[in-house]
Amino acid sequence: NCLFRFVYYRVGGRQAAAEDVTQEALLLGLRRIESYDPAKGALYWWFCGLARNCAFRFLRNERSRSRLEVIFSNIDPHLEGFSQEFAAGDIREETLAREETKALVGMTLSTLTPQYQFYLRKKYFEGLSTQELADLERKNIKAVEGTLFRAREAFRASFRSVAKAIQ
């Protein structure tokens, strides 16, 4: 599911393409599992690297690069304003409603660890309170607050990288 989300935004938000690329990456990973080196990082990120390469090949073969350019060109005009609002911590409702913003947030979320994605989705997409999230995870509230803090920091850092990459 996390790998699928990682791929989804890299193939222009197309469900069928994301399913195909994710499946290709998983099969490739199973064939090459002996080349995985835990000292170089988590297995998830190794699969993300494979998936990124599979997505690139898919786009090249399908000649869909123009589709991604359209997506990024739609994001570009809104990126500066969103970036300023994001930095100030005051994002307007109309900005959040834009498809470009949703795509940018989705791309950014897909780069985070599964745990951070889970916490941020529960808190900000589903509207759970910190206490409800603590109850759900069977953790004390301070542990959840700490994880949410680290998840937000990771989102900020990743957002800056994503924004820089598409500018």
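Me: What should I know about the source of the model and its numbering?

Reply: This is a predicted model, in which local features need pLDDT of at least 70 and side-chain atom pairs count only at pLDDT 80 or more, while totals for chains, interfaces and linings use all residues. Residues are numbered from 1 along each chain as its sequence is written, and side-chain values use heavy atoms, with hydrogens and water left out.

Me: How many helices and strands does the chain have?

Reply: Helices (H or I, at least four residues) and strands (E, at least two) are DSSP runs, numbered from the N terminus. The chain has nine helices and zero strands, and its pattern along the sequence is α-α-α-α-α-α-α-α-α.

Me: What share of the chain counts as buried?

Reply: A residue is buried under 20% relative accessible area, exposed over 50% and partly exposed in between, with a 1.4 Å probe and protein chains only. Here 40% of the 167 residues count as buried. The accessible surface, found by the Shrake-Rupley method with a 1.4 Å probe, comes to about 10000 Å², and 53% of that belongs to carbon and sulfur atoms.

Me: What share of the contacts joins residues at least 24 apart in sequence?

Reply: Contact means heavy atoms within 4.5 Å. Among contacts between residues at least 6 apart in sequence, 59% join residues at least 24 apart.

Me: At what angle do the axes of H2 and H3 cross?

Reply: Axes are lines fitted to C-alpha atoms, for helices over the stretch in contact, and angles run from 0 to 180 degrees between N-to-C directions. Angles under 35 degrees count as roughly parallel, over 145 as roughly antiparallel, 65 to 115 as roughly perpendicular and the rest as oblique. The axes of H2 (residues 15–31) and H3 (residues 43–62) come within 9 Å and cross at roughly 130 degrees, and the two helices are therefore oblique to each other. Residues in this contact include Val21 and Leu28 of H2 and Phe47 and Leu50 of H3. By class, the contact has twelve nonpolar, one polar and two charged residues; Ala, Val, Leu, Ile, Met, Phe, Trp, Tyr, Cys and Pro count as nonpolar, Asp, Glu, Lys and Arg as charged, and the others, Gly among them, as polar.

Me: Which residues of H7 and H8 meet?

Reply: The axes of H7 (residues 114–125) and H8 come within 10 Å and cross at roughly 135 degrees, which makes H7 oblique to H8. Phe118, Tyr119, Lys122 and Lys123 of H7 meet Thr130, Leu133, Leu136 and Glu137 of H8. This contact has four nonpolar, one polar and three charged residues.

Me: Is Phe125 buried or exposed?

Reply: Phe125, found in helix H7, counts as exposed because its relative accessibility is 53%. Leaving aside residues up to four places away in sequence, Phe125 touches Val105, Leu109 and Leu120. The buried residues of H7 are Tyr116, Gln117, Tyr119, Leu120 and Lys122.

Me: Where is Arg138 found, and what is its phi?

Reply: Arg138 is in the loop between H8 (130–137) and H9 (141–166). Its phi is near 55 degrees, a positive value in a residue other than glycine. Arg138 is exposed, with a relative accessible area of 78%.
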